[in-house]
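Let's take a walk through a protein model together. Have the sequence and the 3D view open, and find each piece as we reach it.

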Amino acid sequence: MLNTIKQVFRSPRFLIGFIIFALMLLTVIFYPLFVKADPLAMVGNGNFFKPGTYVNVSETVTANRYTLNVDVSGAAKLDRQLNESDRSKMADWLIRFGGVDEAEIDTSDSVALVELWKNNYSPDADQPGLISTDKKSFERLDKRIDEILSSSGIIIATEEEDGTLTESETIDETSYVNINDLATTQTFVLGTDNFGRDVLTELVAATTTSLRIGLIAGLIATAIGLILGLIAGYLGGLVDDIITFITNLFTVIPSFVILILISYSVGQSARGVGLVAMIIGFTSWTWTTRSVRSQVISLRNRDHVNLSKLSGHSMFRIIFTDILPYIASYVVMALILQISSGILAEAQLSMLGLGPATTKTATLGLMMNWAMQYSAHLNGSWWAYFPVILTIALISFSLNLMNTGLDQVFNPQLRD
Amino acid sequence: MGKIMLEVKDLKTKYVTRFHEDVYAVDGVSLTIEEGKSLGIAGESGCGKSTLALSLMGYYFAPLHYMSGDIIVDGTNISGMKPDDVRHKILGNEIAYIPQAAMNALNPTQKIIRFIEDVIHAHDPKASKKDIYDLAKQRFEVLGLPPEVLQKHAVELSGGMKQRTVIAISTILSPKVLIADEPSSALDVTSQKMVIKMMRELMEKGFIHSMIFITHELPLLYNVTDDIMVMYAGQIVERGTAREMVFDPIHPYSKGLMGSIIVPEAGTRDQKLTAIPGTPPNLKHPPAGCRFADRCKYATAECKGATVAMKDFDNGRSYRCRYSVDHLREVYADE
Amino acid sequence: MKGFRKYYGQKILWYIFTLIIAVILNFILPRLMPGDPTSAIVSKAVTGMTDATAVQKVLEEYTAKFGLDQPMIVQFWEFLKNAIRGDFGVSFSQYPREVSDIIASSVWWTVALQLPAIVVGWILGNLLGALAAYLRGVFDKVLLPVFLFISNVPAFGMATVLLTVFAVNLKWFPTSGGYGFDLIPNASWEFYSSVLEHYCLPFLSIVLITIGGQAIGMRSMSIYELNADYVKYSRFLGIKDGKIVGYVFRNAMLPQITGLAMSIGTMMGGALVAEIIFSYPGLGSTLLSAVTGQDYPLISACTLMITIMVLLANLFVEIIYGIIDPRIKAAQQD
């Protein structure tokens, strides 16, 4: 036994798969110990906040201020504040009305561009072909550039009792706060989702749930498959014919369809996480049945089984001592595959709106479903769905790697 | 003395295992076969006789590797040739092979005649399909195989029929040397007899010019081949005519091997069946002295000391043992 | 020839039987469940739970047409009669369209997308897998982990990633639909080129997923076959490598065909969900809208249609298999 385990761990594929899976499992176990927040708490007031650290604006005003001699008025500031379309707009105007040669303009060099602009732009210039709103928009742009160039700072005013505003202080361009001085910062490593929930915390919770669904579904499917396969393979004859026939039938009739029909019909209210897992388990046993059956048939007439039969051992004893130990590795491999396909099945069901009908827990499929319903994939909120896809792929990848690793150890014929 | 069809000089080949260890499975084998003669090679499982069969063809692919020695087929030294040349000019054409497990030697999804076409086209790309069919049909008929077999797939044939089909395909180009590796071991007795009969016919009808027959079943060799060589731990330990080898083995290993068979002839009936105790040495690290010393009941400390060369005696017989022929004969007579 | 006829006869009979079972399941599963959608329809129809008179009318019509207030066996008979005529009633969510009309307009999108995609992916996957097994070395070392990973990415995941990269960011392809939203289906060049543009990404995502899975299987099958005795024997008869690779490819491909038959249902399931990502006007999107709209007649028709497609695909694969594997013929003649 120990030797077998050693051998299994010597397979590089198994090892890589095991490490990936173990890392995910550890994250799922330990993350909630450190982050105690409710994974489904709606923290953000709005859709899809991008990943990053959020600081409280009013707190930055009152926080300790440090003056740093870092150039903020020059290129860096212009770069930051003038976006692509502003620059192309400026270039456009300069070429059309400012008499600047196209070759002179480099939109990536904001300082030079602004200098050109200041030298050539005049709101009163002759601008044929432009309607007044366009002219206005150029004026606004010019004003904005002026604002950026001036470094007067931001004035903080306090409201007096009579309603007048009095300047209390000015925040200079060179003022900084230390992020460690701020008491209320919120970091969303993976941003927030459509409901304003922290994606990372939600993802960890969803992975836990999905793994649980996979495990329940896998255990049910493997148990059914194992029992049917054992009965069919060991008893043979009519029982075998019937079981094989049914198995073949359900191999061809897509389990996906049956899954949809049952999931829809049990009704929205009854469809919790556990039930979905059970439905998946009850619709995916065929593969295991087939492989267990063929294994048992090849074992059935081995010498040690025949010897047991001749010694008058009961069927259960033969199955438990002479057959099960020999197919244990196959059953484990089947379970591993079932877990990963169970997770995938849940995700696909949820994408169709037939996943667990719950707002209390997240699953990987539900996260994907929410992200798609709120068009995260169209509005560039990659953090809402990409980590989910990656997690599903990594779970499946690691489990399959472990499976092929085991296969290599237990089926030396396939060794390459 | 007839024309020499195959001459092998001091051939050495090795296996390289998955863990990059060398296994010296053929360690300095020399042999010659004249035209029209057959040579049997006998030995226990794992003595290197199947490896020898593969090595003799002069074409090597992993895990088998060529180390040194010459293979001369009808005057041409093929061990100096490029592997691709050996494969396309010699294999199938000059040297033919009958594999150990003929059950799986044929592509299950191809018609026999298509495979024969591929074999012949590999050596004569211009041969017309009709000529090939005629040749195959005639050859099959002469060898007592129903020509319908040509239109079948390997899966449709019984085990014995498959083996005979493989033999007919291997020899379809009338090779100079046929190397047969246990061609009948996996078959039932009736099929075995048919295969043996077929091998004899191949020689008689001139479809092959010489033959090497490898088996662990000694009685077969006695019936089929002219000469017998006994192999042990990657080396030849004795060579003689079939009759001499069965009735007058000299090397203690040959003696032991012959003691474990029954030859249904007068004079052998009183012999007791004996088995040789122990197992052959590990060829990753072959022992320094006589390789049989560990299992030999006549061995002394000296036997394990120095390597022993093949020694000639009588009329062209040879053996590999420190003791003299007379001494060994005396010892055997005393038992 | 007799062997073939027997084989196909048996296969076709078996598939007809499977279809009957599938139809029964399609009918009976929803009715056995605690949240039985049909009894929900009846109760809605009788109590007039919905105020919209149109919906109320549809419910009543449906109840009458499918005899939902009748005993189960009568209901089944009605269901079967209507199904054979292609009549699944009126859609609840897209009133007053007939369910059969909705299915008819979406099924061809799915067929035209999935059939070529799975076939192309299967062929490319097998070629690459065989090549990896034959060449080994760097080619194999690089491709194997890539294939292993890709084959574990869910189809909808691949669809989303392709959409994000090529449609949203690079803007090479449109983001959704089966053709430009400003176009009306007609036989113009403009319409066809729009269809083609919208076709690329969904097609590519299914192809990539299929390649990944198939290449792995083909690679290990080919390695297994390359070590087979007939390969060694053929070499020792001087047959050229090109020919031998041909034998190996053919023999390794046969189990791959059986594998395809076994997994085509799962593959189509995945591809249907991938359709949703692209809002492709096929059965996947129809199914989603049916689920969202609580449209039981449409769901039932969709699942039946998917089943029929999978069964047909399976039967087709098995027929092909019978032609190219001579062992089938041999087995039938015993």
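Predicted model: local features only at pLDDT ≥ 70, side-chain atom pairs only at ≥ 80, totals over all residues.

Residues are numbered from 1 along each chain as its sequence is written, while chains are lettered from A and ligands numbered from 1 in the order in which they are written.

Start with chain B, where four strands make an open antiparallel sheet in the order β2-β1-β4-β5. Helices (H or I, at least four residues) and strands (E, at least two) are DSSP runs, numbered from the N terminus, and two strands pair if DSSP finds at least two bridges between them. In chain B, β2 (22–34) and β5 (76–77) are the edge strands; each has a single partner, so one side of each has no neighbour in the sheet. Further in, eight bridges link β1 (residues 4–16) of chain B to the antiparallel β4 (residues 64–73) of chain B. Look for B:Val8, which sits opposite B:Ile71 of β4(B). Helix α1 (residues 49–56) of chain B packs on the sheet and touches β1, β2 and β4 of chain B.

Now for the neighbours: 19 residues of chain C are in contact with 24 residues of chain B. Contact here means that the C-beta atoms of two residues, placed from the backbone, lie within 7 Å. On the side of chain C that touches chain B, the largest share, six residues, comes from α9(C).

Finally, hop over to chain A. Two packed helices are described by the angle between their axes and the distance between the axes. Helix α8 (residues 199–235) and helix α16 (residues 382–410) of chain A pack at about 30 degrees, with axes 11 Å apart. Axes are lines fitted to C-alpha atoms, for helices over the stretch in contact, and angles run from 0 to 180 degrees between N-to-C directions. That makes α8(A) and α16(A) roughly parallel, a label for angles under 35 degrees. Residues making this contact include A:Leu203 of α8(A) and A:Trp383 of α16(A).

What about helix α15 (residues 364–373) of chain A? Nine of its ten residues are buried, so it is largely enclosed by the rest of the structure. Buried means that 20 or more other C-beta atoms, placed from the backbone, lie within 10 Å of the residue's own. The buried residues of α15(A) pack against α8, α14 (315–351) and α16 of chain A, together with α10 of chain C.

How values were computed:
Parallel < 35°, antiparallel > 145°, perpendicular 65-115°, else oblique. Buried ≥ 20, exposed ≤ 12 C-beta atoms within 10 Å, placed from the backbone.
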